[in-house]
Amino acid sequence: QVQLVESGGGLVQPGGSLRLACAVSGSAFSVYAWAWYRQAPDNQREFVARISRGGSTTYADSVTGRFTISRDNALKTLYLQMNSLKPEDTANYYCNRVDSAYWGQGTQVTVSS
């Protein structure tokens, strides 16, 4: 069965950095596009970043210039490097195989002083 397992979340001060990872099993990896989404309390899940099978990237306006999505096809792992974090980045972050119903359980990111 397809499993997506996120890791790397935590508590960080404003201006800090975190690197999230999403380990994929039970699914091909290199042939698909993958994405990161996030959901803050009382908010809907929102798009953060996407990476195509060829490595092209797309970002939400709110994270452009601060976040970088990447993939390691050999390790079947998706990454999200988050720099210059802001309190409004606080959310549970999820990875997703694009155009599928496959989601991880999420990893919590809290940005607070």
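This is a predicted model: local features need pLDDT of at least 70, side-chain atom pairs count only at pLDDT 80 or more; totals for chains, interfaces and linings use all residues.
1. Start with the open sheet. Four strands make it up, in the order S1-S3-S8-S7, with antiparallel pairing. Strand S1 (3-7) and S7 sit at the edges, each pairing on one side only. From one strand to the next, the twist averages 15 degrees.

2. S7 and S8 are joined by six bridges in the antiparallel sense. If you want a spot to look at, find Asp72, which stands opposite Thr77 in S8.

3. S10 is worth a look for its partners. Strand S2 (residues 10-12) pairs with S10 in the parallel sense over three bridges, and Val12 has Val111 as its bridge partner there.

4. Thr107, Val109 and Val111 lie on the covered face, while Gln108 and Thr110 lie on the uncovered one.

5. On to the largest nonpolar core, which has 26 residues; Trp36, Val48, Phe67, Leu78, Leu80, Met82 and Tyr93 touch the most other members. Strands giving two or more residues include S4 (34-39), S5 (46-51) and S9 (91-97). The most come from S3, which gives four.

6. Finally, pick out Phe67. Leaving aside residues up to four places away in sequence, its contacts include Arg38, Val48, Tyr59, Leu80, Met82 and Tyr93.

Notes
Residues are numbered from 1 along each chain as its sequence is written. Side-chain values use heavy atoms; hydrogens and water are left out. A nonpolar core is a set of buried Ala, Val, Leu, Ile, Met, Phe, Trp, Tyr and Cys residues joined through side-chain atoms within 4.5 Å. Buried means under 20% relative accessible area, exposed over 50%, partly exposed in between (1.4 Å probe, protein chains only). Contact means heavy atoms within 4.5 Å. Two strands pair if DSSP finds at least two bridges between them. Axes are lines fitted to C-alpha atoms, for helices over the stretch in contact, and angles run from 0 to 180 degrees between N-to-C directions.
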